[in-house]
Structure formats: structure tokens, C-alpha cells
Amino acid sequence: MSASSKSTPTKKVMSKRLIKRITVFVMTSVVLFLAILISLRFGSVRFTVSEIIQGLTSLENATAHTVIKNIRLPRTLIAMVVGANLAVAGALLQAVMRNPLADPGLTGVSSGAALAAITIMLVFPNLSGIVPLAAFIGGALACLLVFSLAWKKGIDPIRIILAGVAVNAILGGGTSLLSILYSDRIQGVLMWLNGSLAGKSWHHLRILAPYSIIGLIIGLLCINTANTLQLGEDAAKNLGIKVNTARLILSLTAAFLAGISVSTVGLIGFVGLIVPHITRLLIGSDYRFMLPVSALMGSALMILADTFARTAFAPIELPVGVIMAIFGGPFFLYLLRKGGGYKV
């Protein structure tokens, strides 16, 4: 058989794979657009598409303008940004640990942010204005602690996981202790602890957006490194990658994205686990395609979850973190049963 005849099937396979990836990207973009439309349309007051356009572009319909432009649109955009942040963070950590079940919570970001925030809200309620800053600092310090404990002549994924489990347990214990000691004040922080976008406005988006853009750009710049790490430590070293440095950069980027998200909306789990895994099953683990699609899918999932959280049991609004836990928990158990590998 000639060389040309051998290469033809390979080219066909690559072409089909590329078409599939482009198709998934386009379909995910459409789903995201529909999710935004659904979020703007449904709520305590329902609007038609024409009323949504009117509310966004003019002041003729005062109700639509107020509700859509000042309440629903910023909340929807925050959900979109947070979903992208958490999904990209999860995807990067899965490359670092070569484990499709890795999650941003492993780095201690969520538990560190929770302990710092609940300390401010319960112990120093007069300083509630600095809760986002405290949550971010707490998450960053917890992440640094995990990596310090995991460092032993380099960073090993197993040690990161073990250190993360230990740090999460300790910090979680601190959060529970404060909840008991200040049980008379706990009602006011339950929404944050369970992850909620209630009351989020353009102010929160202006704070979140610049940091998210920086973090997502850094994440996209790490695509080649993430692809190389999936080949294994020896192969990565042979290709000239400083493995420990690469793992540290990717992990800190993931921690940064997760930290700024937690500091804004509270604790929301499973997005960083579920979304990259679904994306990998659909298009493989080539981060040139997987990372952008994960960001889009994470955005769509978070918007739909938040819309469900505020409409399913109206007028009662549930924290979006509770919705993600209800649906994410069973999916996580499914992944454990099925196992998972990397499909390239």
C-alpha cells in the first residue's frame, strides 16, 4: 500500500473530527444565546422577545427597561462569566492532575474563601463591604497552603489532592465552628454559603469582569502547556516543558479564576467538574477546542441553573449552588461508576 493511500484515511478522520468540533462549538454558542434569552425572558414578570429588545434599547416600556436592563441583564452576565471561570478552572486542573475528576475545590480555594467570608459576615458584620476581597484573599491563601504542603522536590498531582483534602477538611471545620458559635447570625449568610446571584448588579459585574478577562486570557495562553502535560511527566520534560513550573502556573490560574468567582457569588460546586468532562466526551481533550467550548458550556449551564433557581419555586428563590449540587451530585456518582480517561 502506498504512502498516499495510508495518509488519505488519516486525513479523512482528522477532517471529520474537526467538523465535529466546529459543530459542537457552534451548537454550544447557540445554546448559550438561548440560555441568555430564557434568563432575560422568565422571572416574576415574563416578557416577550420584542419587549426584551424594547427594554434593552429604549425607555418606552419603563417596566421592561428597569427589570431587564437593571436587574436581569447584569445577573445573567455575571452568571455567564462565573460559569466560564469555573469551567476553565476545572479544565486546567484536570490537565495538571491528569484526572478527569479533578475540581477547583481540590486546591482549597472554595473552603478558604468560605472561611474568610463567613468570618467577616459573622464576627465583623460592620465590615461586610469587604466580603468579596476577604473571600478572594482567603481562597488564595488556602491555595498557597495546599501547594506548600504538596511541594516535595516538585509538585505531584497525588500530593496536591491529598493536601487539598486535608486543608478542605480543616477549613470546613472552621466554617462549621463559626456557624455554631454565631448561630443567631447564620441566617443572613446562608445564601452566600450556598452560592447565589440574588441582588447582583452592574457594580458586581464591573468588579468581576476585568479580573475574569485577565484570568481567561492567561488560561487560553496555557493551552499548549495543558496539552503537553496530558502526555505525562516524562514526555513533557522531553519536549522541554518545566513540569513543576507549568503545573504551578496552571494551578494558580485555576485558583485565581475560581477565587474571583467565589468572592462574588459564593460557593458553587460541580461546574468545574461536570462541564470539562462533558466537553471531553464530546470533542476530546485537545485544549485548543476543549477550553473554549468548556467556557461556553459553563456559561450556558450557570445561566440555566440560575434561571431555574429563581423561577422553579417562585416567589421563593433558591441559591444556584443548591441547584448545581442537586444535579451535579448524581452526575459525579455516574462519573465515579463509569470511570474516565482522556480521549484525544
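**Helices and their packing**

Helix H11, residues 243-265, has 23 residues and reaches 33 Å from its first C-alpha to its last, close to the 33 Å expected at 1.5 Å a residue. The expected span is 1.5 Å times one less than the number of residues. Helices here are DSSP runs of H or I with at least four residues, numbered from the N terminus.

A word on where this comes from: this is a predicted model, in which local features need pLDDT of at least 70 and side-chain atom pairs count only at pLDDT 80 or more, while totals for chains, interfaces and linings use all residues. Residues are numbered from 1 along each chain as its sequence is written, and side-chain values use heavy atoms, with hydrogens and water left out.

Back to H11. Of its 23 residues, 17 are buried, so H11 is largely enclosed by the rest of the structure. Buried means under 20% relative accessible area, with a 1.4 Å probe and protein chains only. After H11 comes Gly266, with a positive phi near 95°.

Now the packing. How are H3 and H8 arranged? Helix H3, residues 62-97, packs with helix H8, residues 202-221, at an angle of about 25°, and their axes are 10 Å apart. That makes H3 roughly parallel to H8, a term for angles under 35 degrees. The axes are lines fitted to C-alpha atoms over the stretch in contact, and angles run from 0 to 180 degrees between N-to-C directions.

Residues of H3 including Leu73, Leu77 and Val81 are in the contact, and on the H8 side Trp202, Leu205 and Leu208 are among them. Contact means heavy atoms within 4.5 Å. By class, the residues of this contact are 13 nonpolar, five polar and one charged. Nonpolar covers Ala, Val, Leu, Ile, Met, Phe, Trp, Tyr, Cys and Pro; charged covers Asp, Glu, Lys and Arg; the others, Gly among them, are polar.

The second pair is H12, residues 271-283, and H13, residues 287-311, whose axes come within 9 Å and cross at roughly 130°.

Last, Asn227, which is found in helix H9, residues 223-229. Asn227 is buried, at 18% relative accessible area. Leaving out residues up to four places away in sequence, Asn227 touches Ser285, Asp286, Tyr287 and Arg288.

Terms used: Helices (H or I, at least four residues) and strands (E, at least two) are DSSP runs, numbered from the N terminus. Buried means under 20% relative accessible area, exposed over 50%, partly exposed in between (1.4 Å probe, protein chains only). Angles under 35 degrees count as roughly parallel, over 145 as roughly antiparallel, 65 to 115 as roughly perpendicular and the rest as oblique.
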